[in-house]
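Visitor: I'd like a close look at one single spot in this structure, and then a sense of what surrounds it. Could you walk me through it?

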Amino acid sequence: MIRLQNIVLPLANFELSISIELAHRVTAITGPSGAGKTSLLDLIAGLRQPKSALIEVDGVVLTDTMRGIRLAPERRAIGYVPQDLALFPHLCVKRNIFYGGHGGADIGADRVLETLEIESLLDRRVTEISGGEQQRVALARALLSAPRLLLLDEPLGSLDPALKAKVLPYLRRVRDEFKIPMLYVTHDSAEAAEIAEETVRVENGRISRQNAR
Amino acid sequence: MTSEDWQLIRFTVWAALVSVAIILPPGLALAWLLARRSWPGKSVVETLVTLPLVVPPVATGLVLLNLFGRRGPLGKLLQGMGIDVVFTWRAVVIALSVMSLPLLVRSARAAFEGVNERYEAIARTLGRGPFHVFFTVSLPLAYRGILAGIILSFARALGEFGATIMVAGNIPGKTSTIALEIFHSVQLGNDWHAWRLLVVSACIAFAAVWASELLLRKKTR
């Protein structure tokens with residue numbers, strides 16, 4: 001269960017203002033560009049400071065401005081795959097995916113590498129692999145940080161249709177294999193329906209619709 | 001070249017290296033803070049750090065002389081611990097450090113600003129604290145600009161004159177550096193000696209810049 005209560009974050013053109021409880025394991029957040037979807041993920045990951053917020057994941061309070069609780073990003077156990085992936089360009093694939101230092105003790109590094117089929121890429125530089133491979137490496141890196149929640153920001157947004165079709169099965173496999181709660185940002189409603197059990201639409205910083213499948 | 005000349009060259013290079021080593025940790029920390037954080041008084045600190053670049057070096061030397069002189073606040077404190085600063089090698093190192101700090105901070109700051117903040121943010125979400133992220137993400141990604149800053153500040157320290165002569169004087173075998181000795185030689189009409197030292201000084205600076213270029217090329221490959 002993810003509780004996002006009294007969230008207020010001033011943005012350039014409007015205020016992100018959200019109160020919602022997400023009971024399903026995989027929730028898609030849809031909406032037009034600039035609606036505040038990425039800002040919401042940043043808030044959950046602890047990368048932005050809200051004016052007010054209560055953020056709770058499976059009973060663990062990550063932010064509660066009323067009680068002065070703001071867990072640092074490194075203490076939240078949130079696996080975040082941003083839209084630009086942010087793979088460290090100076091490190092090889094192996095050092096990228098094991099950067100978190102957890103070594104995948106909880107979910108098994110071998111299982112992650114196998115599921116995402118990236119064993120053969122380990123010694124390559126991240127700048128030398130394809131877009132689809134980079135996507136899988138970023139997913140593996142987030143999974144191996146032992147997250148209680150996975151945030152995926154437009155994971156297929158920058159890929160062409162052919163590559164999308166190749167990467168989507170990996171996302172489904174991650175969803176079904178590791179059973180980690182997921183917030184999946186996309187502006188593609190078909191993609192949202194394919195992956196998520198519940199869809200939340202955000203427009204101008206507010207929730208305009210919430211429906212479960 | 002006489003043995004005094006070699007001693008002078010060794011001392012100058014040593015003092016420049018020590019001053020760069022001294023300013024490196026606080027310089028990098030300050031550069032990162034200026035690049036990444038907002039804090040009260042930031043613009044004042046920014047201006048203070050740049051000041052030695054725009055104020056005449058002798059004026060900076062005068063400030064140092066008043067700070068570290070026997071009646072100065074820091075001088076008195078160090079005197080109490082049995083440490084003399086003014087007109088010793090320590091004064092040379094302090095003058096070189098103060099004069100070369102702005103170049104290091106400016107280059108390193110620009111280098112940190114050039115690193116995509118998203119890398120640092122995502123590194124934090126992976127469970128790593130700010131210090132680990134600094135040493136494994138920020139520093140390696142900014143190394144080109146930082147290396148350029150180190151070379152620039154070393155070269156600046158090699159050629160420093162105004163602040164050094166104010167706070168350390170020009171005592172042969174004790175505080176004399178290549179720049180001070182060039183000036184001294186010209187004053188005595190010993191132009192040939194001055195030219196010899198100038199060539200040595202240029203060679204050292206050339207070698208430093210060349211070595212950094214080679215290092216950068218090797219790292220890029």
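Guide: Let's start with a word we'll need: two residues are in contact if their C-beta atoms, placed from the backbone, lie within 7 Å. Keep in mind, too, that this is a predicted model.

Our spot is Leu91(A), which sits in the loop between strand E7 (78–81) and helix H2 (93–97) of chain A. Skip its neighbours within four places in sequence, and Leu91(A) is in contact with Asn96(A) and Val126(A).

Now let's step back to the chain around it. Chain A has 6 helices and 11 strands, and its C-alpha trace spans about 45 × 35 × 30 Å along the principal axes. A compact globule of 213 residues would have a radius of gyration near 17 Å, and chain A has 17 Å, so the two agree. Of those 213 residues, 43% are buried. If you take the contacts in chain A with a separation of 6 or more, 71% of them join residues 24 or more positions apart.

What about the buried parts? In soluble globular proteins, nonpolar side chains tend to be buried together. Here, the largest nonpolar core has 65 residues, and Val137(A), Ala140(A), Leu151(A) and Tyr184(A) have the most contacts inside it. Helix H4 (residues 131–143) of chain A gives the most to this core, with 6 residues.

Where the chains meet, 17 residues of chain A are in contact with 14 residues of chain B. On the chain A side, those residues divide into 9 nonpolar, 5 polar and 3 charged.

Note on methods:
Residues numbered from 1 in each chain as written. Chains lettered and ligands numbered in written order. Predicted model: local features only at pLDDT ≥ 70, side-chain atom pairs only at ≥ 80, totals over all residues. Core = buried A, V, L, I, M, F, W, Y, C linked by C-beta atoms within 7 Å. Buried ≥ 20, exposed ≤ 12 C-beta atoms within 10 Å, placed from the backbone. Helix = DSSP H or I, 4+ residues; strand = E, 2+ residues; numbered from the N terminus. Nonpolar A, V, L, I, M, F, W, Y, C, P; charged D, E, K, R; others polar. Rg over C-alpha atoms; globule rule 2.2 N^0.38 Å.
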